[in-house]
Amino acid sequence: MNFAAQLFYSSYLSERLERLYSPRPALKDGEDNDPFWQREELRLGPGQPGCPYKPGPVSNGAAGRRPTLIEPDRLKDFGEEDLVNGDVKVYETKVVGGPEIVLMEPPKTRRVSEFRIIPRPLAQYLRFEDISAAAFRIQAGIQKTPCTYSRLSKQYGMEIYLKKEQLHYTGSVKERGVLYLLTSLTQEQQRKGVIVASDCNFSMAVAHHAVELKVPVFVIMPSCCASPRLRIYRDYGAMVISYGSTSHDSQNHARHLAKENGYLYLEEDENPAYLAGLGTVGMEIYEQVPKLDAVVVPAAGQYGLLAGTAAAIKHLNSRILVIGIEPEGFPLLLQSLKTDGPVKDMHSNPNKKLYGDLMERSLGVNTFQLAKKLVDKVISVSEEDSLVAMLRFQEFERSTVDTEGAMGLAAILAGQLPELRGKKVAVVVSSANMELELVRQCVDRALVLDERVSKFSVQLGEWPGDMARLLDFLSREDVRLLDVCHRRHSDKADLFNAKVECVVETRDKAQSSHLRKTLSERYPSLCWLDR
């Protein structure tokens with residue numbers, strides 16, 4: 001039975017039930033009093049005589065199906081029919097219409113701002129995950145350097161903690177980045193070997209750790225390089241080749257050898273693995289010094305130490321200040337921050353003995369972006385302040401560092417960080433590679449700058465005992481006499497006088513001031529000389 005027939009049947013049945021239970025009106029004379037279920041019209045088929053279809057009993061057999069209450073003639077309105085043995089066979093018909101037409105929605109009104117292209121955030125060049133991976137990789141080959149409380153803290157009104165990175169095997173913090181860089185190379189590249197061509201802390205770290213990892217390493221040096229420096233590379237186990245008269249000649253030759261033999265030419269740049277290794281310094285400082293307020297980092301060279309340390313510190317605690325220090329004679333980062341871009345040509349002449357390889361370095365784009373984003377302050381220190389800081393290290397910390405390693409402390413000694421008074425500050429001591437003769441010269445110069453070594457001249461008569469009385473006076477003042485020069489015929493105008501020049505050393509500035517006062521009172525001809 002199709003849906004239309006079912007609908008008709010249900011409506012017909014409800015009508016009949018309503019008539020059954022509704023009160024029937026009184027019958028008139030001659031009306032039929034039979035109930036509706038005994039009426040002839042409800043039987044199967046027409047109730048006319050002679051009709052071949054007889055109403056059968058209600059049964060489950062094939063001969064007697066359940067009679068329908070719907071006239072077959074009336075089913076013609078709902079579908080095609082076929083009468084077989086009093087049964088009704090109905091064929092469903094479907095009305096197939098045309099395809100449904102779907103109207104398009106009206107265009108949505110959009111704001112102009114929705115059409116603007118929103119740039120995606122750039123991928124981080126140095127992530128904290130990279131620094132953590134580097135710390136795990138190099139922990140077997142790099143010692144964890146101490147970060148100790150300094151005796152200079154009370155003198156300068158802050159808690160100073162010195163991160164002594166100069167205690168590495170090669171005396172430089174750059175061992176961290178170099179070791180992670182070498183371990184990140186492929187096995188094929190490690191088998192072929194690496195080559196360097198500059199006399200600096202980076203090259204010494206490459207020579208040492210490449211030999212430890214059994215990686216062939218070649219060092220190309222100009223003929224002007226000092227013999228003690230060449231002996232250091234040979235002691236590490238590197239193959240040292242002298243070529244050319246300048247560093248540019250040796251670098252060009254190193255690139256040529258690398259191209260011919262498949263070596264990897266290494267130079268200090270902004271390689272992500274190198275920066276991640278240097279960033280492990282920040283992780284150790286944060287672990288060793290609780291409740292830290294600031295970190296002072298030297299920013300010489302390729303500025304990788306500053307960028308890597310800042311990335312680690314700012315991830316662990318963004319409230320800790322990161323301050324970069326660079327030499328006054330080569331303020332590359334300061335000039336780059338002013339121009340909002342890395343400066344390529346820096347017209348400056350720093351001291352080549354103290355900052356020998358500094359002029360050959362440059363500031364990379366990624367390192368500059370990291371420093372611009374993460375470093376809170378960048379200041380420059382003079383050469384004189386760095387030399388005095390080297391002297392403070394020898395006197396109070398019983399250690400020898402170079403000018404690059406002393407720059408962090410030099411900024412504090414020079415009073416350029418007054419905002420750190422009363423704070424807990426960690427100072428990174430990056431390196432301690434300096435020739436012994438140069439160290440002696442730096443110490444002598446620092447004593448003069450600190451007003452502890454002075455030179456003066458006085459006019460003495462030729463009477464016996466004048467020279468002895470001067471020396472006795474210096475002895476009673478507890479002054480150390482370094483040098484003395486007696487000139488009898490120094491000036492034609494004073495034929496009966498002798499000029500005496502003395503170089504003395506005092507304990508501190510207070511004793512030096514007292515000496516100047518007493519000598520001026522005793523010898524009116526006193527003249528202080530500049531050394």
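Predicted model: local features only at pLDDT ≥ 70, side-chain atom pairs only at ≥ 80, totals over all residues.
Helix 10 comprises the 13 residues 304-316. At 1.5 Å a residue, a helix of this number of residues should span 18 Å, and the end C-alpha atoms of helix 10 are 19 Å apart, so the two values agree. The helix is mostly covered, with 11 of its 13 residues buried. The buried residues are Gly304, Leu305, Leu306, Ala307, Gly308, Thr309, Ala310, Ala311, Ala312, Ile313 and Lys314.

The packing of two further helices was examined next. Two packed helices are described by the angle between their axes and the distance between the axes. For helix 11 (residues 332-339) and helix 12 (residues 365-374), the angle is about 80 degrees and the axes lie 11 Å apart. Because an angle of 65 to 115 degrees counts as roughly perpendicular, helix 11 and helix 12 are roughly perpendicular to each other. Helix 11 contributes Leu333, Ser336 and Leu337 to the contact, and helix 12 contributes Phe368, Ala371 and Lys372. Of the residues in this contact, four are nonpolar, one is polar and one is charged.

The strands considered are strand 10 (residues 321-327) and strand 11, the latter formed by residues 377-381. Strand 10 and strand 11 run parallel and are joined by five bridges. In one of the pairings, Ile323 has Lys377 of strand 11 as its bridge partner. Four of the five residues of strand 11 are buried, and strand 11 is therefore largely enclosed by the rest of the structure.

Terms used:
Residues numbered from 1 in each chain as written. Heavy atoms only, no water. Helix = DSSP H or I, 4+ residues; strand = E, 2+ residues; numbered from the N terminus. Expected span 1.5 Å × (residues − 1). Buried < 20%, exposed > 50% of the residue type's maximum accessible area, 1.4 Å probe, protein only. Axes fitted to C-alpha atoms, helices over the stretch in contact; angles between N-to-C directions. Parallel < 35°, antiparallel > 145°, perpendicular 65-115°, else oblique. Contact = heavy atoms within 4.5 Å. Nonpolar A, V, L, I, M, F, W, Y, C, P; charged D, E, K, R; others polar. Pairing = 2+ DSSP bridges.
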